[in-house]
Amino acid sequence: MLNIVLFGPPGAGKGTQSERLIDEFGLVHLSTGDIFRSNIKGQTELGKLAKSYMDQGKLVPDSVTIDLLRAEVLKHNKPKGFIFDGFPRTNAQAEALDVFLDSIDTSITLMLSLDVEEEELKKRLIKRAEVSGRADDADPKIIDNRIAVYHKETSPVKSFYEQQRKLVSIEGMGSVDEITARLFTSIKSI
Ligand code: B4P
């Protein structure tokens with residue numbers, strides 16, 4: 001199986017690039033952010049809980065997120081592989097993902113980490129707020145908080161995969177097509 005963690009700060013282009021990767025490589029796209037947003041829309045209990053964190057720019061608790069991810073993976077019968085978009089976001093999530101994938105006889109193939117300058121991230125998120133209606137994109141203070149949470153809780157996940165020699169950093173500045181081409185090159189050179 002080809003299992004890719006697509007990683008990066010908020011607004012790095014994880015969702016945007018995931019769409020291109022699933023088309024090219026026939027992978028299943030699992031975005032924890034998308035799953036939470038669809039639960040918020042459906043007004044489920046999970047959605048209400050997730051919203052209370054997301055609207056403040058905080059991470060949804062690990063226990064909830066890890067259980068959700070496991071259940072989503074198990075919904076797919078004999079997939080070619082997965083793109084994990086926005087997961088893992090903490091070392092605890094990364095460790096739990098390794099243990100879980102091992103239990104189903106697979107593992108992460110590589111982590112592709114998108115590097116984008118902070119000013120560019122903010123610009124992209126503010127622009128997306130105009131069309132997305134996402135509360136977490138609309139307020140610069142919440143965006144700042146999401147970026148701070150990324151630096152404190154999420155960026156250490158890179159070292160987790162670096163120790164396993166699975167980390168590949170990708171220049172995330174430039175046009176969507178340019179970044180897609182860089183990602184394709186990395187995956188095809190495995
Ligand atoms: P996510 O849904 O993962 O959202 P994101 O990090 O904001 O966005 P992404 O990087 O996918 O950006 P996109 O491609 O859309 O998370 C939202 C929230 O959910 C989190 O803050 C957290 O609360 C919660 N959550 C999710 N997963 C969790 C987990 N595992 N544990 C705990 N909590 C979790 O790009 C952004 C914008 O930029 C788009 O408008 C796009 O069009 C534009 N763009 C993309 N590439 C561009 C380029 N090259 N040039 C110009 N614009 C570009």
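**Entry 1: the second largest pocket**

I began with the second largest pocket, which has a volume of about 180 Å³. A pocket here is found on a 1 Å grid over the protein atoms alone: it is an open set of points where a 1.4 Å probe fits, with protein on both sides within 12 Å along at least five of seven lines, and lining residues have an atom within 4 Å of a point. Grid points are joined across faces, edges and corners, and a volume is the space filled by probe spheres set on the points.

I noted that this is a predicted model, where local features need pLDDT of at least 70 and side-chain atom pairs count only at pLDDT 80 or more, while totals for chains, interfaces and linings use all residues. Residues are numbered from 1 along each chain as its sequence is written, and side-chain values use heavy atoms, with hydrogens and water left out.

Which residues line the second largest pocket? I found Arg37, Lys51, Asp55 and Arg134 among them. By class, this lining has three nonpolar, two polar and six charged residues (Ala, Val, Leu, Ile, Met, Phe, Trp, Tyr, Cys and Pro count as nonpolar, Asp, Glu, Lys and Arg as charged, and the others, Gly among them, as polar). H2 gives the most to the lining, three residues, and helix H3 (45-54) and helix H7 (135-138) each supply at least two. Helices (H or I, at least four residues) and strands (E, at least two) are DSSP runs, numbered from the N terminus.

**Entry 2: the largest pocket**

Next I looked up the largest pocket, which holds about 920 Å³ of space. It is lined by 44 residues, and Lys14, Arg89, Arg128, Arg134 and Arg146 are the closest to its centre. I sorted the lining by class into 15 nonpolar, 17 polar and 12 charged residues.

**Entry 3: the ligand**

Where does the ligand sit? I found the ligand in the largest pocket (more than half of its atoms lie within 2 Å of the pocket's grid points). Around the ligand I noted 30 residues, the closest being Thr32, Arg37, Lys58, Arg128 and Arg146; to be near, a residue needs a heavy atom within 4 Å. H2 brings the largest share of this shell, four residues. The shell has 10 nonpolar, 11 polar and nine charged residues.

I then checked polar contacts, pairs of N or O atoms within 3.5 Å. A ligand nitrogen is 2.7 Å from an N or O atom in the side chain of threonine 32, and a ligand oxygen is 2.8 Å from one in the side chain of threonine 16. Another entry is a ligand nitrogen 3.1 Å from a polar backbone atom of valine 60. The protein covers 86% of the 1000 Å² of accessible area that the ligand has on its own (Shrake-Rupley method, 1.4 Å probe).

**Entry 4: two backbone details**

Which residues does a cis peptide bond join? I found phenylalanine 87 and proline 88, with omega about 0 degrees. Proline 88 is in the loop between strand E3 (82-85) and helix H5 (91-103).

Glutamine 43 has a positive phi near 50 degrees, though it is not a glycine. I placed glutamine 43 in the loop between H2 and H3.

Notes
Polar contact = N/O pair within 3.5 Å; in protein donor to acceptor, adjacent residues only side chain to side chain.
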